[in-house]
Amino acid sequence: MLKNYLLTPGPTPIPPRVLETMARPIIHHRTPEFQKIIQEVEEGLKYVYQTKNEVLIFAASGTGAMEGSVVNLLSPGDKALVVRGGKFGERFGEICKAYGIEFVAIDVEWGKAVDPKKIDDILKKDKLIKAVYTTLCETSTGVATDIETIGKILKNYEAVLVVDAISGLAVTPIKTDEWGVDVCVSGSQKGLMIPPGLAFVSVSPKAWTLVERSALPKYYFDFKAYKKALGKTDTPFTPAVNLVIALREALKIIKEEGLDVIFDRHKKMAFSVRSAVKAMGLELFSPDVYSDGVTAVKVPQGIDGEKLVKTMRDKYGVGIAGGQDEMKGKIFRIATMGYITPSDLIVCLATLETVLLEMGYKFQLGSGVKALEELLR
Ligand SMILES: *Cc1c(COP(=O)(O)O)cnc(C)c1O
């Protein structure tokens with residue numbers, strides 16, 4: 001018999017209160033009952049986004065909203081600036097390519113963060129750049145980006161700032177309005193604690209002027225259609241009704257706890273995980289620019305990283321993430337986002353120690369759990 005624990009950076013575990021709402025009978029979406037839900041969800045999203053802008057909701061995984069933030073802002077002949085420091089930054093480049101948008105890339109070594117000054121230097125020279133694509137928390141490397149500083153730089157330019165906050169929202173601060181984030185993209189299965197299937201974007205007045213002019217082809221992700229419907233507390237297509245209802249409950253939980261308490265909790269958990277793995281003699285993949293939502297750890301010499309992750313999952317029921325693409329087998333990642341709690345971390349670290357011991361890694365047994373317990377106390 002196996003009991004499952006999920007400590008992956010999406011999907012993340014779902015609180016029972018949220019799960020229960022999804023088992024209720026379906027309701028129709030063109031009803032006053034659902035309109036009230038849309039209103040509450042919209043208010044809740046504005047709270048977590050820290051914005052007065054509209055937040056549009058799509059029935060898609062997060063990537064749908066990333067695609068939307070390319071096809072709605074740009075036109076043929078426009079250029080983009082894409083910060084690529086991991087798999088998700090690269091995805092923005094792939095989307096631009098798919099739509100024939102030429103882009104300037106800032107390639108950041110995996111595990112490092114972009115120097116905001118580089119963005120300034122490029123924008124100074126290239127006036128054809130209409131949008132800058134960045135990632136709040138690069139989930140593939142565990143790196144956090146200094147969006148606040150980038151936002152200050154962008155205020156001097158016409159280009160809009162797009163931030164992929166899919167794994168950062170409700171985990172680490174993202175002050176959409178105060179920092180000047182024009183389009184903030186997110187998704188449902190990370191900090192928001194509901195299953196995959198919803199994607200979000202907030203759109204600033206500056207970004208709407210680009211949307212009005214944008215001539216790239218689009219249909220399902222046409223922001224204007226969603227804005228128009230939202231004006232009537234409606235949706236342009238059939239929404240993912242039960243996910244929206246689940247989101248309402250998750251947003252209630254978030255509001256009850258309060259954003260600042262949530263940010264502190266994530267910070268403390270991520271710090272504890274970093275300390276615990278270091279106490280075991282392991283090395284962090286991004287020791288200087290870590291995020292509070294996911295910690296990437298180097299697989300020690302002589303250990304098969306893919307086997308480590310697989311054994312934790314199949315033999316002990318503890319799901320963590322391996323490395324992606326070029327980091328496959330070289331790192332593993334432990335999430336501390338959403339409904340992942342300190343007791344989950346104790347199970348995870350104890351299992352990590354057990355499996356590393358089995359695999360022949362030399363360390364002081366119990367050192368990780370001990371460090372964790374001292375800090376979580
Ligand atoms: C998970 C994630 C995505 C991808 O979202 P999907 O829901 O898989 O489409 C994009 N960016 C970041 C930073 C993520 O963490």
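Lys-87 and Asp-325 form a salt bridge, with the closest N and O atoms 3.5 Å apart. The term covers a side-chain nitrogen of Lys or Arg within 4 Å of a carboxyl oxygen of Asp or Glu. The model is predicted: local features need pLDDT of at least 70, side-chain atom pairs count only at pLDDT 80 or more, and totals for chains, interfaces and linings use all residues. Residues are numbered from 1 along each chain as its sequence is written, and side-chain values use heavy atoms, leaving out hydrogens and water.

A search of the whole structure gives 19 salt bridges. Asp-325 lies in the loop between strand 13 (321-322) and strand 14, and Lys-87 in helix 4 (residues 87-98), so the pair ties together parts that are 238 residues apart in sequence. Helices (H or I, at least four residues) and strands (E, at least two) are DSSP runs, numbered from the N terminus.

**The two domains**

The domain assignment gives domain 1 (5-11 + 258-376) and domain 2 (16-256). Such bounds come from an automatic or database domain assignment. The domain centres, taken over C-alpha atoms, are separated by 28 Å. In contact are 26 residues of domain 1 and 31 residues of domain 2, contact being heavy atoms within 4.5 Å.

The area buried between the domains is about 2300 Å². Carbon and sulfur atoms give 64% of that area. Buried area is the accessible area (1.4 Å probe) that two parts lose on being put together, summed over both. On the side of domain 1, Leu-259, Phe-263 and Gln-324 supply 24% of the area buried against domain 2, more than any other three residues.

Between domain 1 and domain 2 the count is one salt bridge. Eight residue pairs are in polar contact across this interface, both residues at pLDDT 80 or more. A polar contact is a pair of N or O atoms within 3.5 Å; within protein, one must be able to donate a hydrogen and the other to accept it, and residues adjacent in sequence count only if both atoms are side-chain atoms. Helix 10 (259-279), strand 11 (294-298) and strand 14 (331-335) each supply at least two residues of the side of domain 1 that touches domain 2. Helix 10 gives the most, with four residues.

Seven strands make an open sheet in the order 2-10-9-8-5-3-4, with mixed pairing. Two strands pair if DSSP finds at least two bridges between them. Strand 2 (54-59) and strand 4 (102-107) are the edge strands, and each pairs on one side only. From one strand to the next, the twist averages 20°. Axes are lines fitted to C-alpha atoms, for helices over the stretch in contact, and angles run from 0 to 180 degrees between N-to-C directions.

Helix 7 (residues 205-213) packs on this sheet. The helix touches strand 2, strand 5 (129-135), strand 8 (160-164), strand 9 (183-187) and strand 10. Its direction makes about 105° with that of strand 10.

Another open sheet has three strands in the order 11-14-13, with antiparallel pairing. Strand 11 and strand 13 stand at the edges with a single partner strand each, so one side of each is left without a neighbour in the sheet.

| Strand pair | Direction | Bridges | Facing residues |
|---|---|---|---|
| Strand 11 and strand 14 | antiparallel | five | Thr-295 and Ile-334 |

**Backbone exceptions**

Most residues other than glycine have a negative phi, and most peptide bonds are trans. The peptide bond from Gly-10 to Pro-11 is cis, with omega near -5°. Pro-11 lies in the loop between strand 1 (5-6) and helix 1 (16-22). Ala-170 is not a glycine, yet has a positive phi of about 65°. The loop between strand 8 and strand 9 holds Ala-170.
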